[in-house]
Amino acid sequence: MSKAKQEDLVGRSMAAVEAQAAPHPMRLTEIWKWVSGYIWPWNSLYTAIAILTWLYCTPEMARMKHLAPDWIGFIFLRNLVLIGLYVSAWHIPLYVRRTQGTNHKYSARWLTTDSSIFMFRDQFLDNLFWTVCSAVLIWTGYEVATFWCQANGLIPTINWWAHPIYCAAILLMIPALRSIHFYAIHRLIHWPPLYRSVHYLHHKNVNPGPWSGLAMHPVEHLLYFSGVLLHWVIPSHPLHALAHLQHLALSPCTGHSGFDRVLLSRRVSVDTYGYTHYLHHRYFEVNYGGDAVPIDRWMGTFHDGSAKAQEALKKRLLERRNDRQRA
Ligand SMILES: [Zn+2]
Ligand SMILES: [Zn+2]
């Protein structure tokens, strides 16, 4: 096994990879594992944060009928504080205090410093810049536009208590819908001209950390957060749009943490479900989607870190090169 491969599999058993992957339709235990992994813990956490934000930290819809700097500024600051607190809760213990060292870390390397690849010659500062100066602005822009349209009845908006089952089902489906949208735009920005001008910025993070999740080019942010436009088409409650945007904003931190498991105590740890996306940063042409739906398996782009998957990737790249030469 090569050194790189050994690094990849630090703390990662293949059983855990399989548990994260798509279930066989006929095996109930695998379906249960997939369902429980879909709901718990991360999607439940994001949904809880969204509900609390809607109840206690979102202006009244009547106030959002008119665009005004006070409520727009409030939403921008609320989003800035939320992303700052959430990502710091990962970054500080794992990368500043290094409480679990490299235990369950995919790569033995830490974040890059003193390199001309990154703005300010520092991976953390580069990632922080793109998150604060682009991601939060564009995220807030989509949120403000959606709430304003809903407040003015310009897009199909429904009352939660008039349609509770439909509303709960849409809320539950957000991670899956988001995963499909992410796969589509991610394939698009791997198209060489867009990759070279836009997506290269995110992929500078070959060894990502929690702040790398939203370290993207503004054009990528525009595409990435556009998933919320679904709620401009299907009847939705403002909480759906809020939960969708917060899922887009918070979940990349988990997937880019660089750790397979986070130790909460000596005996208790939690899976980050970040391995497949870590492999995307390592091998580029695999695992374009999230973990909520097995779309990479369906499209033949899944990589589980095994030698077999690596061979399949090599074969796919060779076939593509041959196709290009023939064209
Ligand atoms: Zn990434
Ligand atoms: Zn990519």
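Helices here are DSSP runs of H or I at least four residues long, numbered from the N terminus. With that in hand, welcome to this structure, which is a predicted model. Let us begin with a loop and then move on to the helices.

The loop between helix H5 (69–96) and H6 holds Asp114. Asp114 is not a glycine, yet its phi is positive, at about 55°. Most residues other than glycine have a negative phi, and most peptide bonds are trans. Is Asp114 buried or exposed? Asp114 has 7 C-beta neighbours inside 10 Å, so Asp114 is exposed.

Another residue to look at is Tyr273, in the loop between strand E2 (269–271) and helix H11 (275–283). Tyr273 is also a residue other than glycine with a positive phi, near 55°.

Now turn to the loop between helix H3 (28–39) and helix H4 (42–56), where you will find Pro41. The peptide bond joining Trp40 and Pro41 is cis, with omega at about 0°.

Next come the helices and how they pack. Two packed helices are described by the angle between their axes and the distance between the axes. Take helix H6 (residues 123–151) and H10: their axes lie 10 Å apart, at an angle of about 175°. Angles over 145 degrees count as roughly antiparallel, so H6 and H10 are roughly antiparallel to each other. On the H6 side, the contact is made by Trp139, Tyr142, Glu143, Thr146, Phe147 and Gln150, while H10 brings Pro238, Ala241, Leu245 and Ala249. By type, the residues of this contact of H6 with H10 are 7 nonpolar, 2 polar and 1 charged.

H10, which spans residues 238–255, also packs with helix H7 (residues 164–189). Here the angle is about 35° and the axes are 10 Å apart. H7 passes H10 in a right-handed crossing. Which residues meet where H7 and H10 pack? From H7 come Ile170, Leu171, Ile174, Pro175 and Arg178, and from H10 come His240, Ala243, His244, His247 and Leu248. The residues of the contact of H7 with H10 comprise 6 nonpolar, 3 polar and 1 charged.

Notes. Residues are numbered from 1 along each chain as its sequence is written. Chains are lettered from A and ligands numbered from 1 in the order in which they are written. This is a predicted model: local features need pLDDT of at least 70, side-chain atom pairs count only at pLDDT 80 or more; totals for chains, interfaces and linings use all residues. Axes are lines fitted to C-alpha atoms, for helices over the stretch in contact, and angles run from 0 to 180 degrees between N-to-C directions. Helices (H or I, at least four residues) and strands (E, at least two) are DSSP runs, numbered from the N terminus. A crossing is left-handed if the near helix is turned anticlockwise from the far one by less than a right angle, and right-handed if clockwise. Two residues are in contact if their C-beta atoms, placed from the backbone, lie within 7 Å. Ala, Val, Leu, Ile, Met, Phe, Trp, Tyr, Cys and Pro count as nonpolar, Asp, Glu, Lys and Arg as charged, and the others, Gly among them, as polar. Angles under 35 degrees count as roughly parallel, over 145 as roughly antiparallel, 65 to 115 as roughly perpendicular and the rest as oblique. A residue is buried if 20 or more other C-beta atoms lie within 10 Å of its own, exposed if 12 or fewer, and partly exposed in between; C-beta atoms are placed from the backbone.
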